[in-house]
Amino acid sequence: MASTHVLFEEDGAFKAGTVLADAGASLQVEAASGRRTKVKSSAVMLRFPSPSPTELMDQAQRAAEGIDLDFLWECAPQDEFEFTGLADEYYGHAASPVEAASLLFRLHGAPVYFYRKGRGRYRPAPADTLRAALAALERRREQAARVEQWAQALAAGDAPEPVRHEAARLLVRPDKNGVEWKALDRACALTRRPPARVLLEAGAFADAKALHLGCFLAESFPAGAGFGPVDEDALDAAIAARIAGLPVAECEPFSIDDSTTTEIDDCLSVSTLPDGRARVGVHIAAPGIAIVPGDPLDRVARERMSTVYMPGDKITMLPDAPIGRFSLEAGRELPALSLYAELDAAGTRVVATSTRVERIRVAANLRHDRLDDTVTEAALEPPAPGVPDPLAALPQAGALRALWRLTLALSAERDRVRGKPEARHRVDFSFYVERDEAGAESVRIVQRRRDAPLDRIVAELMILANAAWGGLLAQHRVPGVYRSQQPGGRVRMSTHPLPHQGLGVAQYGWSTSPLRRYVDLVNQRQLIAVSRGEAPPYAGNDADLFAVISAFDARYAAYADFQQRMERYWCLRWIAQQPSRRQEAVVVRDELVRLARAPLYLRMPELPAMALAPGRRIVVELDVPDLLELSVPARFVELAAVAVDDTEVVELEDPMDGVDEVPGPPEAERVATAADATA
């Protein structure tokens, strides 16, 4: 009987239909659905009169499932074979169309066991290859089961331990072929939530703070934020060798910092010259005297580039041992790089400067958070005859008054060069994270005006030192790391001096924080070499110096972004602590506002036109903060009453500028600006 039906291959799949016309090289075939198609004769696998195409496909697929692949592989010829021949041998008789088709389906569906060699022809896989392939399949099956199990656990709010261990990396540097990521991705699909939210709600992080910190560490410190062992004996030997014979300064330096500061890298002093004029000293901790390029501590500092600050914690650029050796703690004799500025008779103009590498005996560590209420502008004025001196109990009172006179004069000169007065009524914020006996954390946010006298004294003297030392390097044609700003331009870094319009100085090199910024350490080494008449570590057009600048810019920006995020986190925690959700805010510009008592910036498109004047105080109502997204819904309530003495200036400025010029806790050393908060 002539065949009326065919089994054929089309687009990699087997199909069956009824032959309508046979032209030899091709056939016209009608499928059960009624669709007609042209099939090449070479694509036909079987011709059969019965059963119907639909019945053959159904029966053959069911029969194929019952064929044991291992047995089939064992009884198959070792060489290439035709499926119909194997079907006859497997079934022990001339295979029916259903039996032949079932064997074909089984062979074709098991590419691990049988390699396809042509139309209807196969070859069994070698034994070793088959074992390896089956093992791989089993691993994939186990992995798929594990992925589903972990995904279900994550969706139910219980992160498996392997996922917990990799949680931060999954958010910043995921291995998308890994089981952990596949489980997380599946859980996100199940819950319709983003990965960070899934992990946080499943307990992979203790809280949102741990998530933000963990992601930062995974990104910036993938090998961990800890330090390896430090050879303290070698460090002490290097320090001893380098400071041998250094003179001891004949002055009484003191530092001005916040109580939380541990890397004390600058001190000030005032002494009297024989002719009665004052000499002001700026003394900077000198790790550059012993930490040389390429040594182990230098490699650590260069990798980190800067200390990382965050409210309540920090990740230092250097290990504790070298910080302890060089931090300018009171009562110790320590190496320092000192700039001495001789003043005129009025004590308001610098007439000469000199630089020395020496040892200093630190007389005191003043803490401005304890002295700001005492050392006011009024208190710094010389007391009138017969009037009690408000600073009588402070041994450094005379030095502070001399420094204040110089500060006012230097500031006025910079304002003249800048062409405008510097805004001095901005508010800085210090964060103090406190823990109770149970370990629960809370935060205090303390406002500080940037025009506080102690702030201004340190800021002005640091600007003086950085500008003078930048000029010293330029005078000796020694490269350094400078920051410059042309009129109306962005602040940028370079290896040659250019004016800094924003600060009103001819050049400005970062040199006053070598314990916490690598570029300052680089500049300090250059300055030490110049002061000693030695060859500097970095020569002109040194590619390594350009590499330092590039790496520092990238690291510093990442650190600043993280600090900004953590400050925003603690601002939201502060909101949650407040008894009222209504808070005063100050308009920065347009729809951008900042809370009056915390450096939290918010965009409020619905602000009425009457509230859009910069500096205008308003009342806003805050909703529940989202500590993961670092956001809080807010709505405008009303205009706030304007106090008579409300002179705060809110302005945008370069978020990386002004770091040296603001003393105090690390959290306050950055200028909290709207640009920071919305970057």
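Two strands count as paired if DSSP finds at least two bridges between them, and helices (H or I, at least four residues) and strands (E, at least two) are DSSP runs numbered from the N terminus. The views below come from a predicted model, in which local features need pLDDT of at least 70, side-chain atom pairs count only at pLDDT 80 or more, and totals for chains, interfaces and linings use all residues. Residues are numbered from 1 along each chain as its sequence is written, and side-chain values use heavy atoms, with hydrogens and water left out.

**View 1. An open sheet of five strands.** Follow the strands in the order E23-E22-E21-E24-E25, and you will find antiparallel pairing. Strand E23 (601–603) and E25 stand at the edges with a single partner strand each, so one side of each has no neighbour in the sheet. From one strand to the next, the twist averages 40° (axes are lines fitted to C-alpha atoms, for helices over the stretch in contact, and angles run from 0 to 180 degrees between N-to-C directions). Zoom in on E22 (residues 592–595) and E23: these antiparallel strands are joined by three bridges. Here Val593 stands opposite Leu602 in E23.

View 2. Most residues other than glycine have a negative phi. Leu630 has a positive phi near 55° and is found in the loop between strand E24 (617–622) and strand E25 (634–639). Leu630 counts as buried, at 4% relative accessibility (buried means under 20% relative accessible area, exposed over 50%, partly exposed in between, with a 1.4 Å probe and protein chains only). Arg192 also has a positive phi, of about 55°, and lies in the loop between helix H8 (179–191) and helix H9 (195–201). Arg192 counts as exposed, at 79% relative accessibility.

**View 3. A salt bridge between Arg197 and Asp626.** The closest N and O atoms of this pair are 2.8 Å apart (a salt bridge is a side-chain nitrogen of Lys or Arg within 4 Å of a carboxyl oxygen of Asp or Glu). Arg197 lies in helix H9 and Asp626 in the loop between E24 and E25, so the pair ties together parts that are 429 residues apart in sequence. Arg197 is buried at 17% relative accessible area, while Asp626 is partly exposed at 23%.

View 4. Arg121 pairs with Glu82, with the closest N and O atoms 3.2 Å apart. This pair links distant parts of the chain, from strand E8 (residues 121–124) to strand E6 (residues 81–82), 39 residues apart. Both partners are partly exposed: Arg121 at 29% relative accessibility and Glu82 at 30%. Glu30 and Arg36 meet through their side chains at 3.4 Å, N to O; Glu30 is partly exposed at 25%, and Arg36 is exposed at 54%. Look also for Glu10, Lys15 and Arg35, which are linked in a network of salt bridges.

**View 5. A cis peptide bond between Ser50 and Pro51.** The omega of this bond is about 0°. Pro51 sits in the loop between strand E5 (44–48) and helix H1 (53–65).

**View 6. The surroundings of Thr495.** Thr495 belongs to the loop between strand E20 (492–494) and helix H18 (518–532), and it is buried at 15% relative accessible area. Leaving aside residues up to four places away in sequence, Thr495 touches Pro479, Gly480, Tyr482, Leu545, Phe546 and Ile549 (contact means heavy atoms within 4.5 Å).
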